[in-house]
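Welcome! Please keep the view open while you read.

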Amino acid sequence: MNVRRSIALALLLAVASSVVAGTARAQSALAEAVAKPVSLPDIAIGSPTAPVTITEYSSMSCPHCAAFGQNVFPMLRSNYIDTGKVRFVFREFPLDIKAAAASILARCIGNGDSEKYLGAVEMIFKLQEQLMMYTKNTLLYVGKQHGMSEQDVKTCEEDQAQFNKLNADQQYAVRELKIAATPTFFVNGFRLQGSMTYEELEERIKPLLK
């Protein structure tokens, strides 16, 4: 009887070990897929050598994304990003053409500068209701607040190459990262889908800093 129990226990441990190893491999593969360069340059802030990388997929038309940007992100930035503990990567996942247009405008405003881009995103999130109701006028207003003329905004929004890259990146996110909703976060490659409070994110971050 004891021998049988020992054999059964050994088998259970072997199965458990195999499951853990398989999960670890899948997690590693997902982390690599998230880290892979995409068509559009990443919008990233924080130390490149930070022990934790958070990648957010967001839509400019998503109320939960706006709430995160306004209520959670400032605390995350103050306590973890600006202190060198977290690198934050912002990626677009537009849920509709209005969100796509807002993303392209933010790209034009940023012009390769992540801080300028995120400043535009912050304004767009604050004007989200107007964006959905009066898209063209809202985009013109946001552009004007960042030094763009009406023609600048028009030229920006007619850049089909940028829209094609945005679409390619979104298709990659759907196909390889299995993203179906916003916001979706990856904390060192671990997927977290849906609204996240500061406390929930912190709970994920802290063990990775030990």
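This is a predicted model: local features need pLDDT of at least 70, side-chain atom pairs count only at pLDDT 80 or more; totals for chains, interfaces and linings use all residues.

## Before we start

Let us begin with the strands. Strands of a sheet pair through backbone hydrogen bonds, and they may do so in parallel or antiparallel fashion. Here 5 strands form an open sheet in the order E1-E3-E2-E4-E5, and the pairing is mixed. At the edges are strand E1 (43–45) and strand E5 (190–193), each of which pairs on one side only. On average, neighbouring strands of this sheet are turned by 20 degrees against each other, direction ignored.

One side of the sheet has a helix on it. Helix H2 (residues 63–81) packs on the sheet and touches E1, E2, E3 and E4. The direction of H2 makes about 155 degrees with that of E3.

E4 runs antiparallel to strand E2 (residues 52–58), and 4 bridges join the two. Within this pair, Tyr57 has Thr184 of E4 as its bridge partner. E4 and E5 are also antiparallel and joined by 4 bridges, with Phe186 standing opposite Arg191 in E5.

What lies between the strands in the hairpin of E4 and E5? There are 2 residues between them, and Asn188 takes a positive phi near 50 degrees in this hairpin.

The peptide bond from Thr182 to Pro183 is cis, with omega near -5 degrees.

Another loop, between H3 and helix H4 (114–126), holds Asn111. Although Asn111 is not a glycine, its phi is positive, at about 50 degrees.

## How helix H3 packs

Two packed helices are described by the angle between their axes and the distance between the axes. For helix H3 (residues 97–110) and H8, the axes come within 10 Å and cross at roughly 115 degrees. This crossing of H3 and H8 is right-handed. On the H3 side the contact is made by Ile97, Ala100, Ala101, Ser103, Ile104 and Arg107, while H8 brings Gln162, Phe163 and Leu166. By class, the contact of H3 with H8 has 6 nonpolar residues, 2 polar and 1 charged.

H3 also packs with helix H7 (residues 150–157), at an angle of about 115 degrees and with the axes 9 Å apart. The crossing of H3 and H7 is right-handed. Ala101, Ile104, Leu105 and Cys108 of H3 meet Val153, Cys156 and Glu157 of H7 in this contact. These residues of the contact of H3 with H7 divide into 6 nonpolar, no polar and 1 charged.

## The cavity

How many cavities of 30 Å³ or more does a search of the whole structure find? The search finds 1, and about 60 Å³ of space lies in the largest cavity. Its lining consists of Val38, Leu40, Tyr57, Arg91, Glu92, Arg107, Leu166 and Asp169. Strand E3 (86–92) and helix H8 (160–177) are the elements that give two or more residues to this lining. By class, the lining of the largest cavity has 4 nonpolar, no polar and 4 charged residues.

Tyr57 is the bridge partner of Thr184, and Arg107 and Leu166 take part in the contact of H3 with H8.

## The largest pocket

The last stop is the largest pocket, with a volume of about 270 Å³. Which residues lie nearest the centre of the largest pocket? They are Gly69, Phe73, Pro74, Leu118 and Glu122, out of 17 residues that line it. H2, E3 and H4 are the elements that give two or more residues to the lining of the largest pocket. This lining divides into 9 nonpolar, 3 polar and 5 charged residues.

Technical notes. Residues are numbered from 1 along each chain as its sequence is written. Side-chain values use heavy atoms; hydrogens and water are left out. On a 1 Å grid over the protein atoms alone, a cavity is a set of points where a 1.4 Å probe fits but cannot get out, and a pocket is an open set with protein on both sides within 12 Å along at least five of seven lines; lining residues have an atom within 4 Å of a point. Grid points are joined across faces, edges and corners, and a volume is the space filled by probe spheres set on the points. Ala, Val, Leu, Ile, Met, Phe, Trp, Tyr, Cys and Pro count as nonpolar, Asp, Glu, Lys and Arg as charged, and the others, Gly among them, as polar. Axes are lines fitted to C-alpha atoms, for helices over the stretch in contact, and angles run from 0 to 180 degrees between N-to-C directions. A crossing is left-handed if the near helix is turned anticlockwise from the far one by less than a right angle, and right-handed if clockwise. Contact means heavy atoms within 4.5 Å. Two strands pair if DSSP finds at least two bridges between them.
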